[in-house]
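The entries below are in the order in which I made them.

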Amino acid sequence: MWMRIKMAIMRFMQGRNGVDNLGYHALWTGLGLIVVNMFIGSMLLSLLGNVLYFYALFRMLSRNAAKRRAENERYVHFLNNWKKEVKQFFLRLKGTKEYKYFRCPSCKTRLRLRRGCGEKHIVCPVCKNHFDQRA
């Protein structure tokens, strides 16, 4: 009996997108908002939670796998960049006593100088821009 149900679900899901990172996070965020809404009672949270929940189901059942894959790749790229920025922020926060952090005026690359070294002539390693910076 269970095997027949499992095979029926497998036949139904064949050619569909299934679960990916964006769908998984949308599903759990939507369900989390619905649970929080049980305690708060906000119509906006309820609506947002249900929209995210149904968006996740739409993504799982979608047959346009190429489009869903591209959306997921953009989401994973955004998530990885965000994680990298947060990690670098905490590393910079930890090193503020020892280093001065600044950006290149041309390409906006993050650079650092050891504090107390005075004014230095900097050459950006990315764009080769020359400028002076005081630490």
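Entry 1, the whole chain. I began with contacts (heavy atoms within 4.5 Å), and I noted that residues 24 or more positions apart account for 37% of the contacts in the protein chain with a separation of 6 or more. This is a predicted model, in which local features need pLDDT of at least 70 and side-chain atom pairs count only at pLDDT 80 or more, while totals for chains, interfaces and linings use all residues. Residues are numbered from 1 along each chain as its sequence is written, and side-chain values use heavy atoms, with hydrogens and water left out.

I listed four helices and four strands, taken as DSSP runs numbered from the N terminus (helices H or I, at least four residues; strands E, at least two), and their order from the N terminus is α-α-α-α-β-β-β-β. For the radius of gyration, taken over C-alpha atoms, I found 24 Å, whereas a compact globule of 135 residues would have a value near 14 Å by the rule of 2.2 Å times the number of residues to the power 0.38. Of the 135 residues, 24% are buried, where buried means under 20% relative accessible area, exposed over 50%, and partly exposed in between (1.4 Å probe, protein chains only).

I checked the length of H3 (residues 43–61), whose 19 residues should span 27 Å at 1.5 Å a residue, and the end C-alpha atoms are 27 Å apart, which agrees; the expected span is 1.5 Å times one less than the number of residues. I then asked which residues of H3 are buried, and found Leu-45, Gly-49, Ala-56, Arg-59 and Met-60. Seen down the axis, these buried residues fall within an arc of 105 degrees, so they line one face of the helix; the arc is that of the directions from the helix axis to the C-beta atoms. Their cover includes helix H1 (2–13), helix H2 (21–40) and helix H4 (65–94), whereas Met-43, Leu-44, Leu-47 and Phe-54 are exposed on the other side of H3.

I located Asp-20 in the loop between H1 and H2, and it is buried, with a relative accessible area of 13%. Its side chain makes a polar contact of 2.5 Å with the side chain of Arg-59 (a pair of N or O atoms within 3.5 Å; within protein, one must be able to donate a hydrogen and the other to accept it, and residues adjacent in sequence count only if both atoms are side-chain atoms). The Asp-20 side chain also reaches the backbone nitrogen of Gly-23 at 3.0 Å.
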